[in-house]
Amino acid sequence: MADYQVFEAGNVVLQSGLTYRGARLAYKTFGTLNAAKSNVIVHPTSYGAQHPDLEWAIAPGRALDPTKYFIVVINKFGNGLSSSPSNTPPPYDRGRYPHFTMTDNVRVQQRLLQEVFGIEKVALVYGFSMGGIQAFHWGALFPDRVERIVPICGSARTSPHNFVFLEGVKAALTADPAWQDGWFATQPVRGFQAMGRVYAGWGLSQDFYREELWRQLGFSSLEDFLVGSWEMNFRRRDANDLLAMLWTWQHADISANELYNGHMSKALGAITARAIVMPCETDLYFRVEDNRREVAQMLNAELRPIPSIWGHRAGNPVANPEDAAFIDKAVRELLAA
């Protein structure tokens, strides 16, 4: 049985101008909504992730404490549980899937909170990677509804270099002969293998590999790590869904909407939420400098880089207690402010 709920969002007019009919947003809640509805934390999913992948961080005594907060983990569009290429009916199935932007995602997420729970304000939006991008979008799109944001290893707009990195990932996956007419009719085994090995070189730092920290994760060799971690993680998902999420990531931009008309400084300046922006010092594609420039244009934000050699994965430290404690400390401080 499914361990999550579904918000039936109806017909959603996307930024592309297309209408996605019968949109469905999957979510799972932890904790209890208080009478004032003031203890809400939104935790959107990252690339390739579904809500079970995030549950490790939600526990009594952690910053995301379900005994104190009502935590809503929202599966973004394209991740296989919410509306995605793998579950979209004709005529917008297969290669004609109508892409959701981050703005499309966050606007439906806000509807979910309001229409299902009557929530008007969010105490915190906490997100890693694509979840961090969504945290920025929440702050810019709904500045009067969001009190705090913690974007971890994310950005307000996907940088050109980040875009190019993702082009390499996409090219590796679609080089598989199963890629036909803009769609995978069968899952691309060789494409998953190539994608995993391309991504492995970006997701962790050079120092991580030099120190062989993959041994801490239970892998007996570098090859064992590449197959058992990277290839396995991507093979859990539908390849068409992975490409849809990648498109959303590449086109992420908090200013790309009718509110800000492409003016990034205006969009960043509109974020009134208290923010701690947390890149990792060794992240190879969500870089500290990009966040530094964003924070400089925000009203109430602090840049607090994670001092780690775990690269991008420092932001999702499921097996990395030191980085988990660093992030928890920052989130506690922000929630107490």
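Entry one, the ground rules. I am working with a predicted model, in which local features need pLDDT of at least 70 and side-chain atom pairs count only at pLDDT 80 or more, while totals for chains, interfaces and linings use all residues. Residues are numbered from 1 along each chain as its sequence is written, and side-chain values use heavy atoms, with hydrogens and water left out.

Entry two, the helix pair. I looked up helix H4 (residues 189-203) and helix H6 (residues 222-235), and found that they pack at an angle of about 115° with their axes 8 Å apart. H4 and H6 are therefore roughly perpendicular to each other, a label given to angles of 65 to 115 degrees. I then listed the contact, meaning heavy atoms within 4.5 Å: H4 contributes residues including Phe 192, Met 195 and Tyr 199, and H6 contributes residues including Leu 226, Trp 230 and Phe 234. Sorted by class, the contact of H4 with H6 holds 9 nonpolar, 3 polar and 4 charged residues.

How many disulfides does a search of the whole structure find? The search finds 0, where a disulfide is a pair of cysteine sulfur atoms within 2.5 Å. For Cys 153 the closest cysteine sulfur is in Cys 280, at 5.6 Å, which is too far for a bond. I noted that Cys 153 is buried (under 20% relative accessible area), with a relative accessibility of 0%, and that Cys 280 is buried with a relative accessible area of 0%.

Methods. Axes are lines fitted to C-alpha atoms, for helices over the stretch in contact, and angles run from 0 to 180 degrees between N-to-C directions. Helices (H or I, at least four residues) and strands (E, at least two) are DSSP runs, numbered from the N terminus. Angles under 35 degrees count as roughly parallel, over 145 as roughly antiparallel, 65 to 115 as roughly perpendicular and the rest as oblique. Ala, Val, Leu, Ile, Met, Phe, Trp, Tyr, Cys and Pro count as nonpolar, Asp, Glu, Lys and Arg as charged, and the others, Gly among them, as polar. Buried means under 20% relative accessible area, exposed over 50%, partly exposed in between (1.4 Å probe, protein chains only).
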